[in-house]
Structures are given as structure tokens and as C-alpha cells.
Amino acid sequence: MDSTGSLPMTPESSVSVRVATREDLAVIAEIGSEAFSGLRPGEQGQAWVKATFASAPRMEYWVAEDSSGIVGYVLWTEKGGFRSNAVIELEQIAVRRERRGRGVGRQLVRTSLEGVEERLARRGSALKLIEVTTGSEQHAREFYRDVLGAEVVAEIPDYFRGTEYVMIARRPKRPERPPSP
Ligand SMILES: CC(C)(COP(=O)(O)OP(=O)(O)OC[C@H]1O[C@@H](n2cnc3c(N)ncnc32)[C@H](O)[C@@H]1OP(=O)(O)O)[C@@H](O)C(=O)NCCC(=O)NCCS
């Protein structure tokens, strides 16, 4: 135990990360409702998660799991059309409370983002920019800065429950597709 009486954090044994299926939606809603008041009450949260899932591939859930089941999820949203220079948003991420601080979130973002970039490449697009917005919780800003390389570019007062910070991570630009003849 450390001086605060907490058990030292041990590195997370590796979780596997995959695209979510319809069967995962109830657990996603449950983990989401633990983290976000907007997904409560439960039935309302489940309806939102189902509606979101239905808009794939514009919106795509990925989950992290181990032998105990799903321990976290991330939601990626593509913005402004299926562009050749794609703009995506990390719209939501949550890790089960008891599993936080051990690298699950990092692995979830890293692996799912690779998957999203592969999907973009298959249709001839490349990732231009990642947007993420977050409330006043310092830890989430640190997380996005560290894991995505995102920086705060704007503050929006009185958004959900207070100030929301818009963060952006840019990727190297590539030429636009030539206009069709
Ligand atoms: C944000 C969240 C998804 C991060 O997942 P996690 O598994 O706890 O994060 P990781 O252990 O992978 O941390 C990766 C890095 O993020 C940063 N980070 C994570 N938690 C942090 C904290 N409490 N304080 C400061 N930095 C933190 C660190 O840089 C960390 O790297 P390090 O462990 O090498 O120091 C998780 O805390 C969560 O579910 N929170 C509740 C929901 C939420 O706030 N979602 C985001 C809202 S916009």
C-alpha cells in the first residue's frame, strides 16, 4: 500500500479489442451508464446505444474484453460525410471503474484507432483529424493528450454540465482526391 492507503496499480494484463456486435450493446449501456449521466436512466441509455449502433459504419463501437467479459468501450464517429481526408470524433469512452488506471483505455484507443484507419484505407481515405470533447475532468484531458496527442483548441461554456473542452489531434495531410471529370 502507498502513503494514501491505496493498493499500487499493477499493469493490466492484456485485453483484446474488437468491433462491438449487437450482443454487446447491453453491457456497453451498463458501463456507459456508470460513467455518463446522459445514459441514465437505464432504458434511455440502452435506446441511445442501440440507435448509435444502428448508424454503423458512421458510428462504430469497439470493446475491450478479457476472460471476465467486456471491461470498456469506445465510440468513434465519422463527421461531415465519408471524406477522403476523414474527420473522426472519439465520441465516448468508458472503462469499468475498478479497471481504470491500468492501461485498458490506452489499449482500447490504440487498437480501435488502428482498426478505424484500416477501414478508412480500404475505401481509399486517410485520417486527417481526430476531435474529442470533454468536460472539466482533468484526468480525461490528460488521457486524450497522452493517448491521442490531442490539444485543447476551444472551450464551450455551459455545455452539458459545465464547460466543455474541444481537443484536436491532427494527422499528416494528404492531397485531396482529384475532382471527377
Ligand atoms: C478516461 C478513461 C477512459 C481512461 O481509461 P483508463 O484505462 O483509466 O486509462 P489508462 O490507464 O489507459 O491511462 C492512459 C494514460 O491516460 C492518462 N490518465 C489516465 N487516467 C488518469 C488520471 N486519473 N489522471 C491523470 N492522467 C490519467 C495517463 O497519461 C495514462 O498514462 P500512464 O498510465 O502511463 O500514466 C477512464 O478513466 C474512464 O472510463 N473514465 C470515466 C469515463 C470518462 O471520463 N470518459 C471520458 C469522458 S470525455
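The buried residues of α1 pack against α2 (42–53), β2 (59–66), β3 (69–79) and β4; contact here takes C-beta atoms, placed from the backbone, within 7 Å. Those buried residues of α1 (residues 25–35) are Ile28, Ala29, Ile31, Gly32 and Ser33. Buried is 20 or more other C-beta atoms within 10 Å of the residue's own, with C-beta atoms placed from the backbone. Helices (H or I, at least four residues) and strands (E, at least two) are DSSP runs, numbered from the N terminus.

A word on the model: it's predicted, so local features need pLDDT of at least 70 and side-chain atom pairs 80 or more, while totals for chains, interfaces and linings use all residues. Numbering starts from 1 along each chain as its sequence is written.

Now the strands. Pairing asks for at least two DSSP bridges between two strands.

| Pair | Bridges | Direction | Opposite residues |
|---|---|---|---|
| β4 and β5 (126–134) | five | parallel | Glu89 and Glu131 |
| β5 and β7 (164–170) | six | antiparallel | Ile130 and Ala169 |

β4, α3 and β5 also make a right-handed β-α-β unit: with the strands pointing away from the viewer, the path from the first strand over the helix to the second runs clockwise.

On to the ligand. It's surrounded by 19 residues, the closest being Arg100, Gly105, Arg106, His139 and Glu142; the test is a C-beta atom, placed from the backbone, within 6 Å. β4 (85–95), α3 (104–122) and α4 (138–148) each supply at least two residues of that shell, and α4 gives the largest share, six residues.

How values were computed: A residue is buried if 20 or more other C-beta atoms lie within 10 Å of its own, exposed if 12 or fewer, and partly exposed in between; C-beta atoms are placed from the backbone. Two residues are in contact if their C-beta atoms, placed from the backbone, lie within 7 Å.
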